[in-house]
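Please walk me through this structure, one region at a time. I would like to see how its parts meet and which side chains pair up.

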Amino acid sequence: MFKTANEFSLYIEERVVKERIGYMDAIINYCNTIDIDVGSIASLVNQSLKDKIQLEAEDLNFLKKSKTVKLPI
């Protein structure tokens, strides 16, 4: 469906905004919708999307906070 990782990233961003869900949920929902394993889309996840997923996971305490400083905006 997607030719590049950037197309996939834009699609996920759109889902996050429209459906008001997290990045991880948007990716899992996409995989469930087209009935594929989450691991099979690893090549479609670009660095920008990885960073957003990491921040989301840190905020949810799924990962330890990284040493970078995040402003409370």
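Start with two helices. Helix α2 covers residues 23–34. It packs against α3 at an angle of about 120°, and the two axes lie 8 Å apart. From α2, the contact uses Tyr 23, Met 24 and Ile 27. From α3, it uses Leu 49, Lys 52, Ile 53, Glu 56 and Ala 57. Sorted by class, this contact has six nonpolar residues, two charged residues and no polar ones. Keep in mind that the model is predicted.

Lys 52 lies in helix α3, while Glu 13 lies in helix α1, which spans residues 5–19. The pair therefore ties together parts that are 39 residues apart in sequence. How accessible are the two partners? Lys 52 is partly exposed, because its relative accessibility is 28%. Glu 13 has a relative accessibility of 18%, so it counts as buried. The cut-off for buried is under 20%.

Now look at the pairing of charges in general. Side chains of opposite charge can pair when their charged atoms come close. In this model the count comes to four salt bridges. A pair is counted when a side-chain nitrogen of Lys or Arg is within 4 Å of a carboxyl oxygen of Asp or Glu.

One of its partners is Arg 15, with the closest N and O atoms 3.8 Å apart. Another is Lys 18, at 3.5 Å from N to O. Glu 14 and Lys 18 are four residues apart in helix α1, so about one helical turn separates them. Which residues are joined into one network through shared partners? Salt bridges link Glu 14, Arg 15, Lys 18 and Glu 19 in this way.

Lys 18 is exposed, because its relative accessibility is 58%. Glu 14 is partly exposed, at 37%. Arg 15 has a relative accessible area of 19%, so it is buried.

What does Arg 15 touch beyond its neighbours within four places in sequence? Arg 15 sits in helix α1. With those neighbours left aside, its contacts are Arg 20, Ile 21 and Ala 26.

Go back to helix α3 and find Gln 54. Gln 54 is partly exposed, because its relative accessible area is 35%. Leaving aside neighbours within four places in sequence, Gln 54 is in contact with Leu 63 and Ser 66.

Leu 63 leads on to the surface. Together with Leu 60 and Phe 62, it forms a nonpolar patch there. The three residues have about 320 Å² of accessible area together. Leu 60 lies in the segment after α3, and α3 itself runs over residues 47–59. Leu 60 is partly exposed, because its relative accessible area is 47%. A patch residue needs over 30%, so Leu 60 passes that cut-off.

Asn 61 counts as exposed, because its relative accessibility is 64%. Asp 35 has a phi near 60° as well, again positive in a residue other than glycine. Where does Asp 35 sit? Its place is the loop between α2 and α3. Asp 35 has a relative accessible area of 68%, so it is exposed.

Notes
Residues numbered from 1 in each chain as written. Predicted model: local features only at pLDDT ≥ 70, side-chain atom pairs only at ≥ 80, totals over all residues. Heavy atoms only, no water. Patch = residues over 30% accessible without salt bridge, like charges linked within 9 Å, V, L, I, M, F, W, Y side chains within 5 Å. Areas by Shrake-Rupley, 256 points an atom, 1.4 Å probe, with all protein chains shown as cover. Buried < 20%, exposed > 50% of the residue type's maximum accessible area, 1.4 Å probe, protein only. Axes fitted to C-alpha atoms, helices over the stretch in contact; angles between N-to-C directions. Contact = heavy atoms within 4.5 Å. Nonpolar A, V, L, I, M, F, W, Y, C, P; charged D, E, K, R; others polar.
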